[in-house]
Amino acid sequence: MASRALGTTVVLAITVATAVITLPAAQATTPAAAGATPTAAAAPAAAPASRRDDFNGDGYPDLAFAAPGATIDGKAGAGYVGVVYGSAKGLQTATKQVLTQGSAGIPDTPEADDAFGSSVVSADLDKDGYSDLVVGAGGERAGTAELAGSLTVVWGGPKGLSGGATLMSGGEQYDGLGTHTAVGDFDGDGSVDIATVKRNDIEVLSGPFGRDGSTSEPVAAIPDLDDLRYMDVAAGDFNGDGRDDLAGVVHDGDEYDARRILVRNGGADGLAAEYGIVLGAGGSRLQGGEHITAGNVNGDRYADLVVGRSIDGYDSDLDTPLAKGGMITYIPGGATGPQGAKAKSFNQDSSGVPGAAEAGDAFGSDLSIGDMNGDGYGDVAVGTPGEDLGTTSNAGSVLILPGTASGPTGTGTLGFNQDTAGVAGVAEKDDKFGGAARLADFNSDGRAELAVGAPGENTGEGSLWVFPATASGLTATGSFTFGHGTLGTVAKGAGLGSTFNR
C-alpha cells in the first residue's frame, strides 16, 4: 500500500479544507455537490474479506467487550477484553474468557492507565479461517512517553482466542494509537487491512499478517495536513467497487460541537491520501457527530453510514434543530459513495421514536447495524446513556429503529432499559445503560440479538445485557445480564461494557 500514484484524474466538487480536489477515476466515489451527475461505478472487484466475529470457527459469531478502566494485577486502569462465545442457543457465559496484557502469550504487561480495550475490532488477519481480535490500548506508554498507545492482535483458533503479537506501537506522547480503529479490505486483494488513528494521522497496516504481527507491506502513513482531530472511524464498501473505504467523523472549525464526515476511498493501492467531505442537500457540509458505524440498512449492494451526534446544547445546534438531546444521521451508499443529499436524521422527537428529546440524553452515543427480524434490512441500535427515567438521571436506554428499503424509520422503534418488564436489574442514577450496543446473530438463525453495555452500573463497575431475537424482532423475554461476578474480574471503576467489538 505504499504506492499513492494518482494516475488519470477527474474533478469532483468536493471540498478538502477550502480547496477543490482531484481523485483517480477509479476512486471518484465520494459525494459530489448537489446537482452533479453521478459517474458509473467500476465493475465490482473481489468482495471485501469477511469480518465475521467467529473466533473458534464453529459457525457462530462471538461477542468481545471491553473494560478499559479495570484493575489488573493491582494496576488501576490497565484494562481487559472479555469474550463470550456464540452457539446454537446464543451467547453462553459458561464459555467466558478474559484477556489482559498479562495473559499467557499476549505481549506486554499490565500498567496503570494503559486502557487495554480502548478499541476492539475483529477480522481474520492471517487468513487461517478464524477471526482474530485486534485490541487498542490508547493509554500505553512508550518509555517515558505517556498515551503513546498500541495495537495488539489475539489470534483465533479451533479452541478460541489464544496467543498474540504487537501489531504497532505509538512512539510519542499523545499519539493515542489504537484509540480509533477499523478493519477492511482497502485494496481489494482479499486480505483484511487495519486502519488506525495515530494522533491525527491515519496509519494503514496491510494484510495478510504473519503470526509475529508482521504486515505484508510497510505501514502506510497518511499524514494529517488539516488538523482533522478524528473522533471515530468506520470501514465499508460505500460505492460498490469491491474495495472497502474509510469514513471518519472529525471536529470541524472553531465551534465546540461542529462536526464533519470524511471519506477516503479504497483503491488498487489502498486508501487514497485525499479525502472527500460528505455534502448534504444544497451542497453544504452535512453535520456529523462523534460516533460512526457502517453496515447495510436498505438492503442494496452498497454499505451505508449511520452517524451519532450525542453532544447538544452548543452553537451549531442553532443550525441543527434535531441535535437536541442527540441525533443520528443515516447516509445511504451509492455508486458515488455516501449520498449525503439523501441523508435522514432522527432524534427522540422524531415520529415513532419513543421518549422526548431532552438536553443530555446523549442519543447516538453508540451505534450498531444488524437485522433483528430477518427481513433483509439492517436495523439501527442507538445507545442513549444519558436518558432520564422519571427522576432517575442518566439511567440510560437503547432504541432500535427498524430498517426499510428507504433506510431506518421511527415507526415500530423498540426501546429497552432496566425498568422494562423482563429486564434484570433496576434503573439507577448514572448506570448509563446503552453506553455500548451491538447487534449480531450469535446463534446463526438469521436474526441479530442485542448486547448492551452499562459502563456506569454500580458506580462505574459496569455490566452487560443480552436480548434475544424473534421473528418479530428483539424481546426482553429471555434476556439476561452478567458482569464481574461471572467473569471473575475486579469490579471497581472497570467500566465494563464501554465498548463491543466491531
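The model is predicted: local features need pLDDT of at least 70, side-chain atom pairs count only at pLDDT 80 or more, and totals for chains, interfaces and linings use all residues. Residues are numbered from 1 along each chain as its sequence is written, and side-chain values use heavy atoms, with hydrogens and water left out.

**Exercise 1. Describe the setting of Gly412.**

Step 1: locate Gly412. The loop between strands E26 (407–408) and E27 (414–416) holds this residue.

Step 2: Gly412 is partly exposed, at 47% relative accessible area.

Step 3: look for partners. Not counting residues up to four places away in sequence, Gly412 touches Ile400 and Pro402. Gly352 is 60 residues from Gly412 in sequence, yet their C-alpha atoms are 6.6 Å apart.

**Exercise 2. Examine the backbone at Pro208, Ala115 and Asn394.**

Step 1: take Pro208, in the loop between strands E12 (201–205) and E13 (220–222). The peptide bond from Gly207 to Pro208 is cis, with omega near 5 degrees.

Step 2: take Ala115, in the loop between strands E5 (92–99) and E6 (116–123). Its phi is positive, near 60 degrees, and the residue is not glycine.

Step 3: take Asn394, in the loop between E23 and strand E24 (397–401). This non-glycine residue has a positive phi of about 55 degrees. Asn394 is partly exposed, with a relative accessible area of 24%.

**Exercise 3. Work out the order and edges of the sheet that contains E18.**

Step 1: trace the order. Four strands form an open antiparallel sheet, E18-E19-E20-E21. Two strands pair if DSSP finds at least two bridges between them.

Step 2: find the edges. E18 (291–295) and E21 (344–346) each have a single partner strand, so one side of each lacks a neighbour in the sheet. The twist averages 20 degrees from one strand to the next, using axes fitted to C-alpha atoms and angles from 0 to 180 degrees between N-to-C directions.

Step 3: inspect one pair. E20 (residues 327–331) and E21 run antiparallel and are joined by 3 bridges. Tyr330 stands opposite Lys344 in E21.

How values were computed: Helices (H or I, at least four residues) and strands (E, at least two) are DSSP runs, numbered from the N terminus. Buried means under 20% relative accessible area, exposed over 50%, partly exposed in between (1.4 Å probe, protein chains only). Contact means heavy atoms within 4.5 Å.
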